[in-house]
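The entries below are in the order in which I looked things up.

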Amino acid sequence: MLRISLRVLIMLGTVIAQKSNIERINFNSMQNGVTINIVSDIKIQRSQITGWHNPSTSWSYITIYNTVGNTDTLNKSDLDEGITDSEIIQLDESLQIGIRTISPIEGFEFYHGSENIMTASLRYPIDQTLVFID
């Protein structure tokens with residue numbers, strides 16, 4: 001019984017410690033914000049990803065923990081209108097996606113587009129979105 005429990009713990013530890021590899025990032029601008037599709041080799045858990053916006057620089061950052069990626073390739077991702085710059089940086093335990101937008105970002109939402117695609121939805125302030133609707 002102890003051997004089975006030990007094997008299960010070792011296998012579970014290996015799965016949990018496995019880093020996901022970001023294969024591609026797609027940026028899409030819309031009137032109400034920006035959508036970023038992050039394609040990885042294994043499913044990124046919601047608990048692995050965070051985001052924040054620095055209003056003084058207009059840069060927004062998404063950090064994906066326990067993740068790696070080829071920054072040379074990822075930094076060549078096409079940018080949509082409304083996104084003025086991007087930078088993907090590999091840190092010790094995470095991959096950070098930085099984007100600079102013309103408009104400030106008010107909120108972040110993360111959800112799975114499919115098994116291996118994590119979608120980040122960065123929303124502009126509601127008053128700015130209402131201007132587009134008028």
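The model is a predicted one, and I began with strand E7, residues 94-101, where I asked how many residues are buried. I found that 7 of the 8 residues of E7 are buried, so that I note the strand as mostly covered.

Entry two, the partners of E7. I looked up strand E4, residues 59-65, and found it running antiparallel to E7, with 7 bridges joining the two; within this pair, I noted that Trp-59 stands opposite Arg-100 of E7. I then turned to strand E6, residues 83-90, which is also antiparallel to E7 and is joined to it by 7 bridges, and there I found Ile-89 opposite Gln-96 of E7.

I next followed a sheet of 5 strands, which is open and has mixed pairing, and I wrote down its order as E5-E1-E2-E9-E8. Why is one side of E5 and of E8 left without a neighbour in the sheet? Strand E5 (67-69) and strand E8 (107-114) stand at the edges, and each has a single partner strand, so one side of each remains without a neighbour. For the twist, I noted an average of 35° from one strand to the next.

I looked up strand E2, residues 33-40, against strand E9, residues 117-123, and found antiparallel pairing over 7 bridges.

How values were computed:
Residues numbered from 1 in each chain as written. Predicted model: local features only at pLDDT ≥ 70, side-chain atom pairs only at ≥ 80, totals over all residues. Heavy atoms only, no water. Pairing = 2+ DSSP bridges. Helix = DSSP H or I, 4+ residues; strand = E, 2+ residues; numbered from the N terminus. Axes fitted to C-alpha atoms, helices over the stretch in contact; angles between N-to-C directions. Buried < 20%, exposed > 50% of the residue type's maximum accessible area, 1.4 Å probe, protein only.
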